[in-house]
Amino acid sequence: MNNVVNLDYTSRIPIYEQIVNQIERYVALGILKPGEQIASIRDMAISLGINPNTVKKAYSILETKKIIQMYSTKGTFIADHVDIVVEEKIKDLKQQISFLIKELEDLGYTKEKLKKDLF
């Protein structure tokens with residue numbers, strides 16, 4: 001599998017978090033499909049020029065979120081049930097948007113103005 005992760009080394013977002021976010025995004029967009037093999041921890045670290053422990057941390061988070069499954073003898077794969085994960089990601093993003101809208105309203109920015117500015 002080609003490396004699908006591109007890092008922004010100038011970003012304030014930690015590298016492991018960038019890896020998690022990008023893999024989640026590619027799964028949500030269907031770029032990475034259920035059952036598809038992704039780079040091993042070692043291969044990902046080499047291709048990105050980073051410490052393997054950073055990739056291991058990202059993969060551990062992705063495994064906890066049930067986005068990937070790691071098998072010691074086979075490799076690392078996108079989980080078969082990612083549709084549930086995608087739904088959770090959408091739910092999370094909607095909550096973030098609601099929070100941001102609330103912050104804008106607290107600053108006197110109306111929903112009507114927001115609609116006009118965004119659409």
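Which residues line the largest cavity? They are Glu24, Val27, Ala28, Ile67, Val85, Val86 and Lys89. A cavity here is a set of points on a 1 Å grid over the protein atoms alone, where a 1.4 Å probe fits but cannot get out; lining residues have an atom within 4 Å of a point. Two elements give two or more residues to this lining: α1 (15-28) and α4 (82-106). Helices are DSSP runs (H or I, at least four residues), numbered from the N terminus.

This is a predicted model, in which local features need pLDDT of at least 70, side-chain atom pairs count only at pLDDT 80 or more, and totals for chains, interfaces and linings use all residues. Residues are numbered from 1 along each chain as its sequence is written, and side-chain values use heavy atoms, with hydrogens and water left out.

The count comes to one cavity of 30 Å³ or more. The volume of the largest cavity is about 40 Å³. Its lining has five nonpolar residues, no polar ones and two charged. Ala, Val, Leu, Ile, Met, Phe, Trp, Tyr, Cys and Pro count as nonpolar, Asp, Glu, Lys and Arg as charged, and the others, Gly among them, as polar.

Now follow α1 to its packing with helix α3 (residues 52-64). Their axes lie 8 Å apart, at an angle of about 45 degrees. The crossing is right-handed. On the α1 side, the contact (heavy atoms within 4.5 Å) is made by Ile15, Tyr16, Ile19, Val20, Ile23 and Glu24. On the α3 side, it includes Val55, Ala58, Tyr59 and Leu62. This contact divides into ten nonpolar residues, one polar and two charged.

Helix α3 also meets helix α2 (residues 41-48). Here the axes come within 8 Å and cross at roughly 125 degrees. So α2 is oblique to α3. This crossing is right-handed. Ile41, Met44 and Ala45 of α2 touch Pro52, Val55, Lys56 and Tyr59 of α3. Six of these contact residues are nonpolar, none polar and one charged.

Notes
On a 1 Å grid over the protein atoms alone, a cavity is a set of points where a 1.4 Å probe fits but cannot get out, and a pocket is an open set with protein on both sides within 12 Å along at least five of seven lines; lining residues have an atom within 4 Å of a point. Grid points are joined across faces, edges and corners, and a volume is the space filled by probe spheres set on the points. Axes are lines fitted to C-alpha atoms, for helices over the stretch in contact, and angles run from 0 to 180 degrees between N-to-C directions. A crossing is left-handed if the near helix is turned anticlockwise from the far one by less than a right angle, and right-handed if clockwise. Angles under 35 degrees count as roughly parallel, over 145 as roughly antiparallel, 65 to 115 as roughly perpendicular and the rest as oblique.
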